[in-house]
Amino acid sequence: MDRLQREVGRELPNAGDGDPEAFFHRTENSRALERAEAYYRTMYRGGLEAWNLRERHMAETLEEVIRHLDQRLGRGKVVLWGDNSHMGARAPATSAGVVR
């Protein structure tokens with residue numbers, strides 16, 4: 001992973017070669033790799049934090065997509081579909097699982 005991050009760091013100034021779409025895609029792919037490593041390391045150790053990491057990654061990625069669309073189109077629209085497993089099967093790992 002360290003080697004990959006160094007290679008990405010060398011390539012980032014040239015990422016996209018002036019194409020904003022290519023730059024966005026390369027940047028997001030790099031973020032996904034970094035976050036995946038953190039997720040799998042956390043999952044290996046066990047515990048509920050892996051679930052929260054995955055959900056945070058999805059939220060941050062969605063924010064980046066919306067920001068990118070806003071810059072490119074003025075005001076982008078996004079449709080988000082969530083699987084049932086995101087909506088409640090793992091509720092104990094989130095504040096939704098707290099009994100009040």
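Predicted model: local features only at pLDDT ≥ 70, side-chain atom pairs only at ≥ 80, totals over all residues.
1. Helix α2, which spans residues 20-45, packs against helix α3, which spans residues 49-73, at an angle of about 170° and with the two axes 9 Å apart. Because angles over 145 degrees count as roughly antiparallel, α2 is described as roughly antiparallel to α3.

2. On the α2 side the contact includes Phe24, Ala32, Arg35, Tyr39 and Met43, while on the α3 side the residues include Leu53, His57, Glu60, Val65 and Arg72. Sorted by class, the contact of α2 with α3 has 9 nonpolar, 4 polar and 9 charged residues.

3. Leaving aside residues up to four places away in sequence, His57 touches Ala32 and Arg35. His57 and Arg35 are 22 residues apart in sequence, yet their C-alpha atoms are 7.0 Å apart in space, and the side chains of His57 and Arg35 make a polar contact at 3.2 Å. With a relative accessible area of 25%, His57 is partly exposed.

4. A search of the whole structure for aromatic pairs finds 1. The ring centres of Tyr39 and Tyr40 are 5.0 Å apart and the ring planes stand at 70°, so this pair is edge-to-face.

5. Are Tyr39 and Tyr40 buried or exposed? Tyr39 has a relative accessible area of 18% and is therefore buried, since the cut-off for that term is under 20%. Tyr40, at 52% relative accessibility, counts as exposed, the cut-off there being over 50%.

Terms used
Residues numbered from 1 in each chain as written. Heavy atoms only, no water. Axes fitted to C-alpha atoms, helices over the stretch in contact; angles between N-to-C directions. Helix = DSSP H or I, 4+ residues; strand = E, 2+ residues; numbered from the N terminus. Parallel < 35°, antiparallel > 145°, perpendicular 65-115°, else oblique. Contact = heavy atoms within 4.5 Å. Nonpolar A, V, L, I, M, F, W, Y, C, P; charged D, E, K, R; others polar. Buried < 20%, exposed > 50% of the residue type's maximum accessible area, 1.4 Å probe, protein only. Polar contact = N/O pair within 3.5 Å; in protein donor to acceptor, adjacent residues only side chain to side chain. Phe/Tyr/Trp six-rings, centres within 6.5 Å; stacked < 30°, edge-to-face > 60°.
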